[in-house]
Amino acid sequence: MTLTLNDKYIKPFVDEGDLKAIQNEISDAHARLLAKTGEGNDFLGWITLPDDYDKDEFARIQKAAKKIQKSCDVFIVIGIGGSYLGSRAVIEFVKSPMYNSIKKDTPDIYFSGCNISAQSMNELLQICEGKDVCINVISKSGTTTEPAVAFRIFRELLEKKYGKDGAKDRIFVTTDKARGTLKKFADESGYETFVVPDDVGGRFSVLSAVGLLPIAVSGIDIEMLMKGASDAAKLYTASSDIQSNDCMKYVAYRNLMYRDGKATEVLVSYEPYATMFNEWWKQLYGESEGKDKKGLFPASVIFSTDLHSLGQFIQDGSRNLFETVVSVVNEEEKRAIPYDEANIDTLNFLANVDLNEVNKMAMKGTILAHVDGGAPNMLIELNDRSAYSMGHLIYFFEFACGVSGYVLGVNPFNQPGVEAYKKNMFALLGKPGYEEQKKELEERLK
Ligand code: PA5
């Protein structure tokens, strides 16, 4: 099995009758999602994406990745939200969070346009000095401010370094197939473009060109990634039975937790390589479910690091949370703790023990302690860190998110709340058309 959900440590917190009762709601949501009769049904292309994708474009992505690998030392991925989190999550999970520092024959990969920090921008520009650079600017709308600003800066850098024509071969654009400023600009400039399908929203787009090009540049096998997702799709779409479908079981427990006042879900990993995967998950669930004054707050921790910070709260603070632990069963990396004759640190009971074993015991001990403290735990066990398993895990959470949003009673495929800050920022920056709002905001800020 690539993935299993162990519910032993959450079951005691759930009424057996409630678990049975939620089955009907889940079956209904599962059916509506697959029949495309629910809200947001024009954004469901991700459901069949692992099989039903543009094969010619896929081949073009593989070809472009090889070209990028050969022609640069530094590859800059420009995008925000769903336009960068997925690829960064996969690269760090499958390869390493220290990908840029490890020995490899692929370019270093940096992410830009996901903040508005002058400090980060200047550091990245310094990193590029004396290096060959390629960029992939990713924006479905083609109008998002953060990546648009970063693109302007890196385009200038490339054009100064290689001339307009030379830069053209180093700029790859992923955007809507026809609409938006970016598409128009890319076509006029002659950049190679890739498509964010119309019916796939940003946070569900990691298995489209959005995620696939940067992932392929890092050397990860994108065919296996898609295969893992495809097999997961077959498994989780086939039935809605929470007893046999772990994805639906996850939906059942998290909704029952929410109804029981546990409105924070903490995604837990014991490995730093999962840090950005946690961020991807937080965006997926936060933007999909947090609306209409409803939704679980998606939080995350990396243990044992955070056992020395948020661990106190989880063990002993407000009882308004539960944990979903993602654990990889077969870790390839091993490191034994050395024997020390003097044993001054009294650690010889751990001599020759693999760090993975210590980590697993930390996990088991923590789960039991947190359960004793009143924090329910679900355990998602992933077979390994291969591209195949990663594809499976991505699909598990995406499909669960769609069904869960319908069970919660929201449209999981829009994000109206993201617009409010943008309007205020544009007004304060003096964008034409926002004059009235600017006056009003400046008044409030006095
Ligand atoms: O999930 C989403 O739709 C968002 O997080 C978008 O990915 C994000 O806002 C970036 O949008 P765009 O790709 O249009 O620049």
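Biologist: Is the crossing where α1 passes α9 left-handed or right-handed?
Modeller: Right-handed, meaning the near helix is turned clockwise from the far one by less than a right angle. This is a predicted model, where local features need pLDDT of at least 70, side-chain atom pairs need 80 or more, and totals for chains, interfaces and linings use all residues. Numbering starts from 1 along each chain as its sequence is written, and side-chain values use heavy atoms, without hydrogens and water.

Biologist: And which α1 residues meet α9?
Modeller: Asp18, Leu19, Ile22, Glu25, Ile26 and His30. On the α9 side, they meet Met248, Val251, Ala252, Tyr253, Asn255, Leu256 and Arg259 (contact: heavy atoms within 4.5 Å).

Biologist: What classes are in that contact of α1 with α9?
Modeller: Eight nonpolar, two polar and three charged residues.

Biologist: Switching topic, how many residues line the largest pocket?
Modeller: There are 33, with Thr144, Glu287, Gln415, Val418 and Lys422 nearest the centre. A pocket is an open set of 1 Å grid points fitting a 1.4 Å probe, with protein on both sides within 12 Å along at least five of seven lines; lining residues have an atom within 4 Å of a point.

Biologist: How does that lining of the largest pocket divide by class?
Modeller: Into 12 nonpolar, 14 polar and seven charged residues.

Terms used:
Helix = DSSP H or I, 4+ residues; strand = E, 2+ residues; numbered from the N terminus. Nonpolar A, V, L, I, M, F, W, Y, C, P; charged D, E, K, R; others polar.
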